[in-house]
Structures are given as structure tokens and as C-alpha cells.
Amino acid sequence: MQVHSGMRAAVIGLGTAGLSTVRHLLRRGVTVAVSEQRPAERIDPATMEFLARNQVTLECGGHTEAILHGADFVVPGPGVPLDLPILARARGLGLPLLGELALAAGEFPVPVIALTGSNGKTTTTGLIGELLVRAGRRPFVGGNIGTPLLDFFADPTAYGAAVLELSSFQLDLAGPFRPDIGLLLNVSPDHIDRHGSLATYTAAKMRLFAHQRPGDTAVLGADDLVVDAARVPAGVAVHRFGTGERCAARIDGPLVHLRLDGRVEDFDLGETRLHSSVNRQNAAAGILAAALCDCDHDAIAAGLRAFAPPPHRMAEVATVDGVRFIDDSKATNIGALQAALAGCEAPVVLIAGGRDKGGDYALLREVVAARVKRLVLIGEAAPLMRAALAPVVPCESAGDMADAVRRAVAATVPGDL
């Protein structure tokens with residue numbers, strides 16, 4: 001639907017993205033009401049002042065049907081569960097549910113590069129932004145990466161391109177949104193607690209391409225069989241990255257060979273911070289996206305050298321008594337852990353656990369058996385992981401992270417990871 005001045009919107013959730021949505025709708029001349037789960041005293045005073053100054057109706061401490069009265073449409077924040085009773089009631093009243101992407105659809109005056117995947121999204125989004133900066137393209141970099149995507153419209157003339165990291169939650173309510181260049185990196189079990197099944201989760205990821213049209217481009221991670229088989233609309237150009245011969249950005253050890261529309265160029269990741277097995281995939285995707293944006297070789301090479309991956313992703317913490325300590329705490333799903341362990345050459349003592357998101361931990365058995373010498377478990381997922389992995393690796397449980405580190409250190413010898 002077309003959003004225009006004079007309409008009324010109900011925004012559900014006042015997190016960072018929710019507040020950005022409110023600002024965007026106010027700029028469009030829409031009257032806004034907000035419903036927030038938190039009590040009023042837990043909301044930032046500056047936010048409360050902003051809402052009052054702009055005559056935004058606010059209910060706190062839960063969601064009531066009153067927030068829907070007079071609304072033309074409802075905007076749930078990306079983190080808001082879609083099975084909330086208030087959203088069921090909105091559907092019953094025939095009110096459209098629009099996400100951030102649906103509000104932005106067709107509104108970007110610059111090329112849009114949007115990417116999703118189970119793992120590597122933030123690194124690859126940041127890398128593409130860096131490469132475009134080096135090419136003088138003035139990119140907006142946002143979405144699920146931290147800066148809400150609707151913040152672009154606060155000053156759209158400031159940017160020459162938009163680079164958006166998109167989650168499955170955002171794609172659930174993407175409406176007619178379409179990127180000029182859409183990248184799907186990989187798909188592995190994640191957020192099953194929200195989506196209900198891997199098939200539904202995968203379908204959300206594939207929605208990235210649903211409204212692309214001739215002249216648009218889809219970039220696919222060819223080493224992921226599900227992604228490689230993705231279907232895109234007729235007339236959409238498809239380019240792949242990975243280790244296969246048909247890839248436009250082919251990984252060969254530390255090298256990425258670019259073969260695209262007559263361009264024949266090589267990039268050496270050996271002297272960059274992207275030389276790990278996981279980041280080579282991210283780098284190949286970024287190189288391909290930048291080349292599709294007509295960034296030249298020198299700009300891409302300079303960006304690769306300058307780029308620093310975000311923290312908590314296979315980050316080296318220290319080496320103590322011959323044991324290397326690695327922080328990979330952004331690995332919050334099975335695919336991320338599989339990829340991280342597959343790239344480890346030393347014996348691993350693994351601390352894992354935390355919140356359970358509904359994945360099948362039995363999928364980890366092969367790589368854990370091959371790479372992990374001891375597993376120290378924490379959090380609510382600990383008993384589930386123990387049940388799945390105890391047949392292939394010695395397991396023990398820890399009370400908290402400090403206890404887990406003590407137990408892990410006790411299980412190491414020099415040369416371990």
C-alpha cells in the first residue's frame with residue numbers, strides 16, 4: 001500500500017528500529033500511535049520528550065486493542081513476534097502489517113545493495129560499505145547492522161548508494177521491497193524458535209529476490225547447495241561466489257579471482273584481515289558486489305587492506321602458555337559454529353551454549369568429532385547440546401562463563417585452541 005500524509009499508523013515496539021520508524025512516518029505526515037511492552041519509566045526521557053513534542057500517542061506496559069483504533073496500517077518492529085495477540089487482532093480488523101522494508105519500498109533514490117544470510121551478514125555489509133567508500137560512492141550502511149534502514153530518508157541526498165543488512169525478521173514483512181543487487185550468502189538453521197521450521201526460515205531469506213525485475217542482480221553463495229539452487233524472477237542476472245569454477249568471484253586459497261563482464265582481476269587476501277576460511281567467502285561476496293557497482297580494482301584492493309572485521313568473530317584474544325584464546329561469541333547458530341570449527345587446525349576446547357533457538361545440535365556431530373577435544377557447556381542450551389554431542393566428545397557443564405573458562409583452561413595443553 002502507498003503511505004501518504006494524513007494516514008494514521010500504529011507502531012508496535014519502541015526499540016531502535018521502532019523509534020526510527022516513528023521518525024520516518026512523522027516526516028511523511030502520518031499520525032502515529034505507539035504501543036510498547038516496557039513500562040514508561042524504562043523508556044529514555046529524551047525519547048519520551050520527542051514523542052510528546054510530536055503528539056505521538058504512547059501506551060506502555062503492554063499492547064491493547066485501543067492502539068488500533070483509527071489506524072490505517074500497523075508497523076511491528078523487526079524484533080516483535082508476529083504471533084502476538086495484538087497483531088492477530090490487527091489482521092482480524094483487516095489492517096495491513098508493514099515492516100520497515102515495506103515502508104521503504106520504491107522510495108530509495110539511489111542503488112540499493114541488500115544482503116542476507118545466516119552467517120557473515122554484518123562482516124560483508126561493512127566490507128561492501130568500505131569498498132564503496134574507497135570508490136567515492138558515499139554509501140549509507142544500515143539495516144540489521146545497527147543503523148535503522150529508515151534513517152536513510154532523514155537525508156537521502158547525502159548518499160550515493162544504500163547498503164542494507166537484512167534479517168529474516170525484516171524480510172518477513174518486506175512487502176514489495178526489491179534491491180538492485182541482492183546477495184544471499186548462506187542458509188543454515190537459525191531462529192527456528194520464531195519461524196517454526198527451517199523451510200519457513202529459508203523462505204523468508206529467499207523473499208529478498210521475490211520482487212526483483214529484469215535489470216536487477218542476484219548474487220548467490222554457490223558453496224551452499226540451498227542458496228545455489230535459489231530461484232529468481234525471469235530476467236534477473238545471477239552471479240555466484242565460492243570455490244567452484246563457474247563462480248564470478250572464485251576463491252582459490254588466499255586469492256579471489258574475479259571474472260565478470262570482461263573484467264579479469266585477482267585479489268590477494270593473504271595480507272588482509274579477511275584471510276580465514278570463513279572471511280574468504282565474505283570477501284568474495286563483497287568483491288563481487290563492489291565490481292557490480294563499477295568499483296575499480298584499486299579501490300577494491302585498498303578497501304580489502306583497510307577493512308577490519310567486526311569484533312567477536314573469530315577474534316584472537318591472547319596466547320597464554322602456548323594456548324590460543326579465540327572469541328567467536330557472535331556465532332549464535334549451528335552454521336556459524338560449523339564454519340568456525342571447520343577452519344580450526346589445532347585441537348579445540350569449546351565453550352558453547354547460551355540461549356536455545358530451536359536448532360538441531362546433532363548437525364554438529366561430524367565437525368565436533370573432528371575438531372573438538374572437550375566441550376564445556378553453559379546456559380539453557382547445555383542439556384540439549386549434551387544430549388546431542390556427548391556421544392562424540394567429552395562434555396562437562398559450567399555454572400557461568402568464569403567457571404567455563406577455568407574448566408576449559410584445565411583441559412588444554414600447549415598448541416590447543
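User: Which residues is Phe177 in contact with, leaving aside its neighbours within four places in sequence?

Analyst: They are Leu101, Ala105, Phe108, Val112, Ala114, Leu164, Leu166 and His211. Contact means heavy atoms within 4.5 Å. This is a predicted model, in which local features need pLDDT of at least 70 and side-chain atom pairs pLDDT 80 or more, while totals for chains, interfaces and linings use all residues. Residues are numbered from 1 along each chain as its sequence is written, and side-chain values use heavy atoms, with hydrogens and water left out.

User: What makes a set of residues a nonpolar core?

Analyst: The set must hold buried Ala, Val, Leu, Ile, Met, Phe, Trp, Tyr and Cys residues joined through side-chain atoms within 4.5 Å. Buried means under 20% relative accessible area, exposed over 50%, and partly exposed in between, with a 1.4 Å probe and protein chains only. The largest such core here has 48 residues, and the members touching the most others are Val22, Leu25, Phe73, Phe108, Leu164, Leu166 and Phe177. Helix H4 (residues 100-104) gives the most to this core, with four residues. A second, separate core has 37 residues, including Ile181 and Ala301.

User: Which residues of helix H11 are buried?

Analyst: In H11 (residues 297-306), Ala299, Ile300, Ala301, Ala302, Gly303 and Leu304 are buried. The buried residues of H11 pack against helix H5 (121-134), strand E13 (263-268) and helix H10 (277-292). Helices (H or I, at least four residues) and strands (E, at least two) are DSSP runs, numbered from the N terminus.

User: How many bridges join strand E16 to E17, and what count makes two strands a pair?

Analyst: Two strands pair if DSSP finds at least two bridges between them. Six bridges join E16 (residues 348-353) to E17, and the two run parallel, so the pair meets the definition. One of the bridges links Val348 to Val372 in E17. E17 and E18 (residues 395-397) also pair in the parallel sense, over three bridges.

User: Why is one side of E16 and of E18 left without a neighbour in the sheet?

Analyst: The open sheet has the order E16-E17-E18. E16 and E18 stand at its edges with a single partner strand each, so one side of each has no neighbour in the sheet.

User: What is the handedness of the unit made by E16, helix H13 and E17?

Analyst: The β-α-β unit of E16, H13 (residues 365-371) and E17 is right-handed. The term means that, with the strands pointing away from the viewer, the path from the first strand over the helix to the second runs clockwise. The crossover from E17 through helix H14 (residues 382-389) to E18 is right-handed too.
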